[in-house]
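My notes follow the model.

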Amino acid sequence: MNTGNFTFLCRTKTGFGMNALEHLPFDLSCMGSQKPLVLLDNNAQLKGCAKPLIRAFKESGMTLGLCPPIDGGTDPNIDLKTLKNFYGIYIDKGFDSIIALGTGKVADMAKALNIAVTLGPDTLKATGEKTQITQPLTPFIYIPTGMGTGMETDKIARLNGKTFNSPFLAPDLAIIDPEILIQDTSDTIINAGLTCLATCCEAHVLSDNPPARAYCATGIGLIIKNFLPLVQSILTPEVTPDKKTTKRYQTNLAQASVITGIILANCKGLLSIQLGRHLAKDSTATPGQAMTILLPAVLDLITANKSDLGNLILPLSGLDEFSSVPISQRPALAIQKIRSLLNKLYQICLGTIPRTLSDTGVDRESIDALVQSLSSDPPPPGTDIKTINLKQAKTILTHALDGQPLNQAYLN
Amino acid sequence: METFIEIKPGRKPFQRIYLGIMLWFVGKAIQAAARVDNEVKKEFKGMPANYTFSLGAFPNGPYMIVGKDDKEKVRYLGSNISKHHVDLEITLKSMKNLFVLFTFRESTPIANSRDRMIVNGDLPQACAAVRILDIVQVYLLPKPLAKLAIKRYPRWSLKRHTVDRLMVLIRTITGI
């Protein structure tokens, strides 16, 4: 519902492009930091991402601490042990800022460490609503080495099944430098790309937040221009473009994921995101795939003002197509564009990517059970997640089952 | 690497030496151009008496300091920023940024648009200093290099291209 009121907060400054890393010592110095601690994952360590970072600090007079790489596993005991180890290093050696080098778990670990070193380790033990982060934390820099899902620049941190939510958890600075980006696997890129697409599209249509919509349009434009070409270049080596073009795709997609985090922090309760995360637990689809499969049905069902849905054509297809399509046809075309992207992805991935819910192993009989599990799985405390309307959820899942449009009148 | 390591990232001696020489040369050339070129003279005339400006890299230089004394004489004041009161500081955010600028891979306007520069001082004087730097680079560099270093190569008279350029080069080297 458009009330005419909105708030928009973007705490993250973005540094993008060639030699963007070179500005990091200056930016840290402006934040009063002289001794940053770097957290990185195994992948970043193996592919030598620390080298360009260390090079950028030459002549800066600063000292860098490089933590042992974080294991990608999901064992909560190891996570806690690692965090305790990092906390000890941070306090003992007198570090004053945190750099997360990598995507996903590294960012979560860095945010948790930031809470521990600023507010004390006991803050992480408090549960749910008791965890109040109401003051600025130590400077936190996020340097992606690939495409993330957006949670890295979001105001949420997840550790060991707990969720912490505060605007102060968002990074102060995100630096996207082509020199530090590495080639992710196609699965990681597809999951991240589709998560970003679903987030940006839903927020663009359903959010009444003009700055967020502007960010969404930029994010969608970046994904549309770079996502499929990058996936294609990974999966079909014979059409691989030159290194410079591949780097351009990677940097643009990393920027799209940073934008997605900012949108997630400002647009609460995006239905395709919530349903997609839930669905991914009960199907073969990754969260990103599930979100994009559900997105057309969500947009079709929820959008009260169809012109908002029609306006999605502008970032999806550009000004020429937007102006050449009649207003009445735009909503249907916007939804079809999203479905076409999934179909094209299916073609590029030789049928390994689901296009509909039935491709993910969900059948008509299991929809009721899925809806029931939604009601028995309340949103985690401390998050902005809204309670899902079960009737709506059932309609969405039913129509996503075979990708059938909700409003058949569009086709006439 | 399985254990924590603390790194002191070291220095870039080659870049520091190269930039030291380039900044010395440009500083001396500004001093020379202020005596030869009318446009540079006019720019300095617009600056207050005893006005100094510097160009350098964050956090530890190298720097180039140029100043105008109370007799309106322009002098290259060396590279030690702690010895002088500087009215206008033009600083590149890292030494690599300054190196890229002085190896003509990025022009001054491009470096500015990529947010690589910070100015501490009056903006009109900063614009004047950049215009002076542009003119000096045209004097010092051959046309293909100068085109990379500045936004637009100027259309000068033949005298300015030949006699004035020669005078600037002689004065720069001899320091007269």
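Below are my notes on backbone, rings and charges.

This is a predicted model: local features need pLDDT of at least 70, side-chain atom pairs count only at pLDDT 80 or more, and totals for chains, interfaces and linings use all residues. Residues are numbered from 1 along each chain as its sequence is written, chains are lettered from A and ligands numbered from 1 in the order written, and side-chain values use heavy atoms, without hydrogens and water.

**Backbone.** I looked up the peptide bonds and found a cis one between F58(B) and P59(B), with omega about -5 degrees. I then checked phi. N19(A) has a positive phi, near 65 degrees. N19(A) is buried, at 10% relative accessible area (buried is under 20%, exposed over 50%, partly exposed in between; 1.4 Å probe, protein chains only). D115(B) also has a positive phi, near 60 degrees, and is partly exposed at 39%. Most residues other than glycine have a negative phi.

**Rings.** I found 10 aromatic pairs over all chains (Phe, Tyr and six-membered Trp rings, centres within 6.5 Å; planes under 30 degrees apart are stacked, over 60 edge-to-face, the rest tilted). F14(B) and F99(B) are edge-to-face, with centres 6.2 Å apart and planes at 75 degrees. F14(B) is exposed at 58%, whereas F99(B) is buried at 10%. W24(B) and F25(B) form a tilted pair, 6.1 Å and 50 degrees. Ring pairs also link Y90(A), F95(A) and F4(B) into a cluster.

**Charges.** K35(A) lies over the face of F95(A), 5.0 Å from the ring centre (NZ of Lys or CZ of Arg within 6 Å of the centre and within 35 degrees of the ring normal). R160(B) has its charged end over the ring of W156(B), 3.9 Å from its centre.
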